[in-house]
Each structure stands twice: as structure tokens, then as C-alpha cells.
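Keep the sequence and the 3D view open as you read.

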Amino acid sequence: MSARPAATRRTVLRGAALTPVVGLGLTACGGGGDDRSAPLAGPVELGPESEVAAGGAKLYRDHNVVVSRGEDGSLTAYNTVCTHAGCPINKLDGTRLVCPCHGSEFDVTTGKVLREPAVAPLKPLAVEVRNGTLVARPRD
């Protein structure tokens, strides 16, 4: 006979009630099966060039892209899928991206990690202006 007491009805019901919640937590950490965190496969139009001011940045959540403009007018772009757990980053604070899953932070002007747990920088993208519209694409 086991020295461990049998599970009560309450314990079993509580465990069953928590199972979906645990599943949601694991989905948030794993990137999921949808394409929200998929890398760009080809060029994508983001929006008017005027949306990104000198010294500023704009997050294009629908495409997982952030574009920043230097004071000299130069443009840089990065993929905004966190390099830690593959979560799409949805918060831009000035020129700092903040991942909602585990709090990693990245500099949008360099792609470098500002705060762990991520240790790898963001993936750089090519960005150009075509007829006044920002266009991002994977680098060759």
C-alpha cells in the first residue's frame, strides 16, 4: 500500500481546470503554429516614408518589422520576432522594443539586445523607399 494519500475530487477538478491555462502559457512561449512570427519571404510595403521621423522609429506589427531613421535620414529595419522564444514583439518605446513574453529588450537602431533573456540580436532587413513608400525585404 502506498504512503501517498489518494487524490480528492477537489484536487482532480482543480487540475482539470488549470490544464487549459497552462496550455495557453506554453503557446505564448513557443511561437505557436500561426504565421504571426514567420520571417518575411519577400518585399512588403509598410507605409508612407513620412511615418518615420528623423531620430524616431515605427513598428509595423502586421509584418513583424521595425524601421528607424537616423538623424542623417538613413533608414534601418529589423525583424521584430524575439530571438529568445520566437514571440512577435508588439511594443515600441522610443527606440526600444520590448518583448511581451519574457521582457527582452532590443535597440531598434542597432538590433542589439538591451535586456536579456534574449542574447542574439534582431535579424536585419533591407529597407528602401519606392515612390514615397517604405518597402522592407529579407537581406540577400
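Look at the S-S bond between Cys 87 and Cys 101: the torsion about it is about -105 degrees, so this disulfide is left-handed. A disulfide here is a pair of cysteine sulfur atoms within 2.5 Å, and these two sulfurs sit 2.1 Å apart. Cys 87 lies in the loop between strand E4 (75-79) and strand E5 (91-93), while Cys 101 lies in the loop between strand E6 (96-98) and strand E7 (105-107). The two cysteines are 14 residues apart, and the pair links distant parts of the chain. (Strands, E, are DSSP runs of at least two residues, numbered from the N terminus.)

A quick word on the source: this is a predicted model, where local features need pLDDT of at least 70 and side-chain atom pairs count only at pLDDT 80 or more, while totals for chains, interfaces and linings use all residues. Residues are numbered from 1 along each chain as its sequence is written, and side-chain values use heavy atoms, leaving out hydrogens and water.

Cys 87, at 1%, is buried, whereas Cys 101, at 26%, is partly exposed.

Now find Cys 82. Its closest cysteine sulfur is in Cys 99, 3.9 Å away, which is too far for a bond. Cys 99, then, is in no disulfide. Cys 82 is buried, with a relative accessible area of 4%, and Cys 99 counts as buried at 4% too. By the distance rule, the count comes to 1 disulfide.

Methods: Helices (H or I, at least four residues) and strands (E, at least two) are DSSP runs, numbered from the N terminus. Buried means under 20% relative accessible area, exposed over 50%, partly exposed in between (1.4 Å probe, protein chains only).
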